[in-house]
Amino acid sequence: MKENIKKFSTNPIRGMKDFYPSDLREVNFILTIVEEIAELYCYEEIEAPLLEPIEIFAAKSSNELVNEQSFIVEKKEGEKLILMPELTPSLARMIAKKSQEIKKPIRWFSNPTCYRYERPQKGRRRSFKQINFDILGQNNLYAELEIFNIVIDILTSFGATNEQFQIYYNNRRFIDAICEHALNVTRDQMPLVYKILDKSDKMEEKEFEKYVIDSFQNEFIVRGILKLKDANTIEELLQKFDDIPEKLYEAIGYKELVNLERLIEEAGLSDYCSFSSSVVRGLDYYTGIVFEVYDTGMENRRAIFGGGRYDDLLSLFSDEPLSGIGFGMGVLMLTLFLKTYDLIPKDFLLKDYSDTIYIASINDKVATYAIELARIVREESFPCIVDYRFKNLKSQLSKANELGVLISLIIGPKEMEQRKITVKNMSTEEQKTINLEDVIEEIYKVLDELEE
Ligand code: HAM
């Protein structure tokens with residue numbers, strides 16, 4: 001009688017994902033395209049460790065990320081390590097460590113699995129793959145333009161159009177200038193303005209209003225912050241304020257934004273990019289242009305990409321000033337987006353066995369001959385499966401058919417003795433017995449026949 005032992009759950013931990021072959025096939029389909037773009041723009045791949053000291057995220061990422069969303073490992077008492085919630089501070093650490101040796105500008109991409117203790121929901125998991133592209137040491141708007149071009153090339157390579165996605169951009173320095181010149185918000189209150197604006201599209205209108213009032217309790221500032229929400233052009237935003245002082249138009253944040261808009265237009269990217277006053281991003285280290293990429297339809301409401309310029313993240317590790325800009329793209333959000341517009345070919349989900357050679361044997365006396373044959377076939381770079389059942393030839397061949405194999409090699413004691421093989425074209429059912437040394441030539445012949 002079987003013992004009644006309680007079995008463990010087969011589910012992964014909540015919010016985590018098992019990647020079965022067809023899931024990974026989908027991810028790899030995406031990665032192949034992204035890697036091609038990385039190659040075209042000369043971004044080199046890096047990998048950072050999964051565990052880092054918590055302090056490097058606590059300093060400049062965000063309180064929410066570190067205090068509420070992190071997975072923490074306590075190696076020994078008092079030494080807290082964090083499971084990578086995002087790549088950027090690790091990337092800054094890696095650059096600071098070898099800054100003298102690394103040639104600038106630095107163009108790096110990476111594909112880490114990140115961990116955040118968030119409520120699992122559509123587009124959000126507690127472990128997720130995030131593709132990053134960053135360029136550092138190129139402190140002008142051409143770097144922003146390059147990053148926008150990469151985003152557009154990635155998405156259009158999958159067949160997406162500007163009607164399906166948009167890059168929404170803003171400038172933290174511009175929001176700073178408005179805070180300073182139009183709202184009289186002090187410098188130390190600015191991070192709170194970013195935090196509020198970052199939440200604006202995640203809240204109902206009334207709830208958002210209450211949040212702003214509770215945060216500032218100053219009617220003038222509250223009215224001003226509510227105006228900062230939802231403007232689709234720089235002019236539209238500025239028109240909401242009664243008397244904008246001349247100083248604002250002289251502010252670097254305003255000038256950068258206007259210049260970026262011009263560059264976008266000159267580069268022919270205007271159809272893909274729009275200003276949005278409510279994009280400010282949730283991470284503390286951003287200092288300049290910030291952006292998020294959204295599905296323009298109603299299906300996917302979360303950002304697919306998020307990124308921006310960070311001027312002094314390296315100051316955590318060294319005194320060298322080095323500015324960077326980049327983005328993180330969630331593979332899960334991208335997959336949801338691509339599926340919405342039917343941009344993932346279905347035939348990618350199943351393994352293709354059409355170039356596989358299947359070896360079927362009459363009995364186990366020929367096992368070593370089958371293995372020798374497989375080695376010859378694989379040396380020619382053909383994928384090869386040996387059916388190790390070594391009986392019931394019919395069932396072996398029907399397995400080959402089920403997989404979609406086009407060529408099977410059949411052997412039995414007679415073939416082994418004479419160093420021969422029977423090659424079967426699974427499509428026409430024709431078969432031919434040949435010498436072992438001619439097997440590769442015969443495989444190519446059958447492949448030619450199959451192509452005709
Ligand atoms: P982020 O906005 O926190 O930015 O994340 C970027 C993207 O990662 C999001 O737009 C989303 O697609 C994906 N993502 C974030 N959290 C989750 C989650 N829980 N589940 C699934 N996907 C998620 C950063 O991480 C910055 N370090 C990006 C960056 C690179 N900035 C400059 N360089």
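The centres of domain 1 and domain 2, taken over C-alpha atoms, are separated by 54 Å. Domain 1 covers residues 21–347 and domain 2 covers 353–451; these bounds come from an automatic or database domain assignment. The model is predicted, so local features need pLDDT of at least 70 and side-chain atom pairs count only at pLDDT 80 or more, while totals for chains, interfaces and linings use all residues. Residues are numbered from 1 along each chain as its sequence is written, and side-chain values use heavy atoms, with hydrogens and water left out.

Now take the whole chain. It holds 17 helices and 17 strands. Both are DSSP runs numbered from the N terminus: helices are H or I with at least four residues, strands are E with at least two. The radius of gyration is 29 Å, well over the 22 Å that the globule rule gives for 452 residues, so the chain is more spread out than a compact globule. This radius is taken over C-alpha atoms, and the rule is 2.2 Å times the number of residues to the power 0.38. Along the principal axes, the C-alpha atoms fill a box of roughly 95 × 60 × 50 Å.

Next, look at how helices pack. Two packed helices are described by the angle between their axes and the distance between the axes. Axes here are lines fitted to C-alpha atoms, for helices over the stretch in contact, and angles run from 0 to 180 degrees between N-to-C directions.

Start with helix 5 (residues 141–157) and helix 12 (residues 252–266). They pack at about 50°, with axes 10 Å apart. That makes helix 5 oblique to helix 12. Angles under 35 degrees count as roughly parallel, over 145 as roughly antiparallel, 65 to 115 as roughly perpendicular, and the rest as oblique. Contact means heavy atoms within 4.5 Å. Helix 5 contributes Leu141, Tyr142, Glu144, Leu145 and Phe148, and helix 12 contributes Glu256, Asn259, Leu260, Leu263 and Ile264.

Then find helix 14 (residues 367–379) and helix 17 (residues 439–451). Their axes come within 10 Å and cross at roughly 60°. Helix 14 is therefore oblique to helix 17. Leu373, Ile376 and Val377 of helix 14 meet Val439, Ile440 and Ile443 of helix 17.

Finally, check the backbone. Most residues other than glycine have a negative phi, and most peptide bonds are trans. The peptide bond from Lys104 to Pro105 is cis, with omega near -10°. Pro105 sits in the loop between helix 4 (88–97) and strand 5 (106–110). Phe390 is not a glycine, yet has a positive phi of about 50°. Phe390 lies in the loop between strand 14 (384–386) and helix 15 (393–403).
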